[in-house]
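The following exercises are to be worked through with the sequence and the structure at hand. Each task is followed by a solution in steps.

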Amino acid sequence: MPRTSLKLATALVATTLFAGATYAAETYGPFPITVKGYAGDKTNPVSYSGQAARHLLHESLKKLAGKGDGGANAAEVEGALLSYFNGAEGDLDIVAPTSKGDFKIKQTTLTEISKGKNISGKFYDCAMPAWPGVMTGHEVPTHMIKHAALSEGGYDAANGYDRGQLISKFTMGAMA
């Protein structure tokens, strides 16, 4: 009897996994190109390069938030943070993540992955009543960036804020 139950359970699990994989394949693509007049050679409009670039902007922003020295380099750090938040006219280096051991990062700049991406365009642009000063969703991270640039190593000991972590969590929420 136990052997029969094991075979039945195994068959049931295998059937469920197969059905789930089939459903996922039908649900998540590939999708046909439906833009009127499209004459390119692509057959699937799904691309994750923009999302990947935004995550690299986020990781670089988080890393740069810890570069402040307590005020002397605040303008330089704030400028760098804003370029990764708003995107830049030119190319930006990938600050984080970096190659480590056998894990090598092939690309060194963001345009090698996707052009013209930013994080700021993903933010809610109306009032955030839960945030002090009733700032907009775009003003909140800009405020965080300014304070990260003024801090030492991204940490505000007087208020117990890890500015890099605050920026990271707020931006990830906007991009989700």
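**Exercise 1. Check the length of helix α2 in this predicted model.**

Solution. Helix α2 has 16 residues. The expected span is 1.5 Å times one less than the number of residues, so α2 should span 22 Å.

**Exercise 2. Determine which residues of α2 are buried and which helices they pack against.**

Solution. A residue counts as buried when its relative accessible area is under 20%. In α2, this holds for G50, A53, R54, L56, L57, H58, S60, L61 and L64. An α-helix has 3.6 residues a turn, so residues three or four places apart point the same way. The next step is to look for the partners: the buried residues of α2 pack against α3, α4 and α5.

**Exercise 3. Describe the chain as a whole: what is its secondary structure, and what share of its residues is buried?**

Solution. Begin with the elements, which are five helices and two strands. Their order along the sequence is α-α-α-α-β-β-α. Next, consider burial: of the 176 residues in the chain, 26% are buried. The accessible surface comes to about 11,800 Å², and carbon and sulfur atoms account for 59% of that area. Finally, take the contacts with a separation of 6 or more: 57% of them are between residues 24 or more positions apart.

**Exercise 4. Classify the ring pair of W131 and F170, and locate both residues.**

Solution. The chain has three aromatic pairs. In the pair of W131 and F170, the ring centres are 6.2 Å apart and the planes stand at 45 degrees. Planes under 30 degrees apart count as stacked and those over 60 as edge-to-face, so this pair is tilted. The pair links distant parts of the chain, since W131 is in the loop between α3 (74-86) and α4 (139-150), whereas F170 is in helix α5 (residues 163-175), 39 residues apart. W131 has 25% relative accessibility and therefore counts as partly exposed; F170, at 22%, also counts as partly exposed. Ring pairs join W131 and F170 with F85 and F123 in a cluster.

**Exercise 5. Which residues make the nonpolar surface patch of about 290 Å²?**

Solution. The patch is made by F31, V46 and Y48. Of these, F31 is found in the loop between α1 (2-27) and α2 (49-64). Its relative accessibility is 36%, so F31 counts as partly exposed.

Methods. Residues are numbered from 1 along each chain as its sequence is written. This is a predicted model: local features need pLDDT of at least 70, side-chain atom pairs count only at pLDDT 80 or more; totals for chains, interfaces and linings use all residues. Side-chain values use heavy atoms; hydrogens and water are left out. Patches are made of residues with over 30% relative accessible area and no salt bridge: like charges are joined within 9 Å, nonpolar side chains (Val, Leu, Ile, Met, Phe, Trp, Tyr) within 5 Å. Accessible areas come from the Shrake-Rupley method with a 1.4 Å probe; for residues, only the protein chains shown count as cover. A salt bridge is a side-chain nitrogen of Lys or Arg within 4 Å of a carboxyl oxygen of Asp or Glu. Helices (H or I, at least four residues) and strands (E, at least two) are DSSP runs, numbered from the N terminus. Buried means under 20% relative accessible area, exposed over 50%, partly exposed in between (1.4 Å probe, protein chains only). Contact means heavy atoms within 4.5 Å. Rings of Phe, Tyr and Trp (its six-membered ring) pair if their centres lie within 6.5 Å; planes under 30 degrees apart count as stacked, over 60 as edge-to-face and the rest as tilted.
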